[in-house]
Amino acid sequence: MTRLIVPMTSPEFDDALDDLRRAAHFGADAVEIRLDHMNDLSEEQFRALRAADGVPATWLLTPRSRDEGGVWDADDMNRVSRLIELAPYASLCDVELATWERSANIRQKVRLAVSRLDGDAGPRLVLSAHDFRGRPADLLRRVERMCELTDCDVVKVVFFARHISESFELFDLMRQAPKPIIALAMGEAGLITRLLARKFGAFGTFASLATGKESAPGQVTIAEMKSLYRWDAQGPDTAVYGVIGHPIAHSMSPAIHNAAFETCGVDAVYVPLLIEPTYEHFVDFLRHALERPWFGLRGCSVTIPHKENALRFARQRGARIEPLAERIGAVNTLAFRDDGLDARNTDYAGALDALTQTIGCERHDLRGVPVAVLGAGGAARAIVAGLCDCGADVTIYNRTAERATKLAAEFGCTARPNDERVRPDTRIVVNATSIGMHPRVDDSPLPAERLRPDMTVFDTVYNPIETRLLREAGEIGCRTVDGVAMFVNQAAAQFELWTARPAPRDVMRRVVLERLER
Ligand code: NAP
């Protein structure tokens, strides 16, 4: 079992007790007592903490040195003496490999501490090596060394990742090391080493008690590990999905897809995949993932700035590419199947579904319907392509006229000057500009006097959910479609492609609304 370990860093007794109880409440398998942070507590106070009700049973004692990320200037002897003193309250302790190798005297004292640990079964000594600058050149040598040492029960290697692809070597170690191992890449680029540690059978991973209580860069909270990233549901066969983008930290996709997997009982987890904005980085990540079948990558959502890279990749791999995705020039969904790769664009499908569901019609009913699309950027492009494919009579209005003209020429529709918005016979208005988006919520892309009650008004902006455009349209009786509907539909289409099951759209919409209301 991979232990979910929560570091304890509060230097005051009452706060430490509170933290310990909260860690137990959230379901931590173990706590790491960071002695470098908590050194002012007396032995009596540690005894009281250990004996208190509702605290986790497994303690890992760590007197971390400053050289390896600790906050304590004490010399090795002082740190190890404290370890000896407090060892009876813990069942595991962590000492840096560098400290261990410093002298025979230190090793003797560490052995004494280990002999005083509580319990007599199971792993006791974690030897660790941390590098906050990047992957150390001698990473594998260090692992080998720790594996050779008979005193070492658990190997721990941690370094700061510059690129997500550096994570794969750590997954290899989790699977192949001859001893139990904790292998982590710090920073956002290494996040998947934390989130997927259980799938690959690591000895443990670390999660913070709360935001602001991280003991290393990139730690997510235990609540997120459990509820957002499906920690308890992960096993060796769990399929991996993710969203590729840069930046990606604020994506709602992990929340929406993991909730859908949970609801439908799908053995899968969905993670953020921060990939530098070049084609080489994009391909590098997928190459690493796909050459390891046991990694279990079954699908990706792709967002800015990688949608064109995804299409290029799909072409190079001879994928089955949806024709409209080819014409749009962007792929936002990849599905890796045993019989090859599928590449789709669910953005246009999400938008069309949102419209047709609201109007109560089929896509073919849009043939000949006059539609005004405001904007000519990435979202507009997918929507124009989808509408033109259905035969709608599309007119594009955009601040930068050349962009509108070019887009219209590509898809065989019309561009009109922006200040004309909109043709009198328009039945559907789509805002695909960012006007009205938070924080400029008082802006609208279309003056209210241009709206008529028989129009359907669709705003792709979803923050806020009700934009000024939608509010004014609703006030005069228009049918309205919000951006959340499009967002949920594009994710639902991905879910259905990946799992061949109906997507739980209500759950997905609820998750998005909860996130937006935070
Ligand atoms: P984009 O490629 O940057 O395009 C932005 C568009 O907005 C361009 O047409 C731009 O006109 C126009 N625009 C921006 N600021 C403007 C201003 N002050 N006045 C007039 N026009 C302005 O962005 P995008 O990816 O297409 O995204 C556009 C909107 O769609 C965003 O609000 C985004 O949230 C939304 N969206 C929603 C979903 C969903 O699932 N609901 C998905 C994707 C996007 P110029 O060409 O003149 O610059």
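This is a predicted model: local features need pLDDT of at least 70, side-chain atom pairs count only at pLDDT 80 or more; totals for chains, interfaces and linings use all residues.
Helices and strands here are DSSP runs, with strands of at least two residues, numbered from the N terminus.

A search of the whole structure turns up 2 cavities of 30 Å³ or more. The largest cavity holds about 150 Å³ of space. Three strands each give at least two residues to its lining: S2 (30–34), S6 (154–160) and S7 (181–186). The lining has 16 residues in total, and those nearest the centre of the cavity are Arg34, His130, Lys156, Ser215 and Ala216. By class, the lining of this largest cavity divides into 6 nonpolar, 4 polar and 6 charged residues.

Among the residues that line it are Arg162, His163, Ile164 and Ser165, along with Leu274, Ile275 and Glu276. Its lining is made up of 4 nonpolar, 3 polar and 2 charged residues.

Now let's turn to the ligand. Around it are 20 residues, of which Ala376, Ala379, Asn398, Thr400 and Arg403 come nearest. Ala379 also places a backbone N or O atom 2.7 Å from an oxygen atom of the ligand. A backbone N or O atom of Thr460 lies 3.0 Å from a ligand nitrogen atom, and one of Phe487 lies 3.4 Å from a ligand oxygen atom. The protein covers 73% of the 910 Å² of accessible area that the ligand has on its own.

Which elements give two or more residues to this shell? They are helix H16 (378–389) and helix H19 (483–499), with H19 supplying the largest share, 3 residues. By class, the shell has 9 nonpolar, 9 polar and 2 charged residues.

How values were computed. Residues are numbered from 1 along each chain as its sequence is written. Side-chain values use heavy atoms; hydrogens and water are left out. A residue is near a molecule or strand if one of its heavy atoms lies within 4 Å of it. A polar contact is a pair of N or O atoms within 3.5 Å; within protein, one must be able to donate a hydrogen and the other to accept it, and residues adjacent in sequence count only if both atoms are side-chain atoms. Accessible areas come from the Shrake-Rupley method with a 1.4 Å probe; for residues, only the protein chains shown count as cover. Helices (H or I, at least four residues) and strands (E, at least two) are DSSP runs, numbered from the N terminus. Ala, Val, Leu, Ile, Met, Phe, Trp, Tyr, Cys and Pro count as nonpolar, Asp, Glu, Lys and Arg as charged, and the others, Gly among them, as polar. On a 1 Å grid over the protein atoms alone, a cavity is a set of points where a 1.4 Å probe fits but cannot get out, and a pocket is an open set with protein on both sides within 12 Å along at least five of seven lines; lining residues have an atom within 4 Å of a point. Grid points are joined across faces, edges and corners, and a volume is the space filled by probe spheres set on the points.
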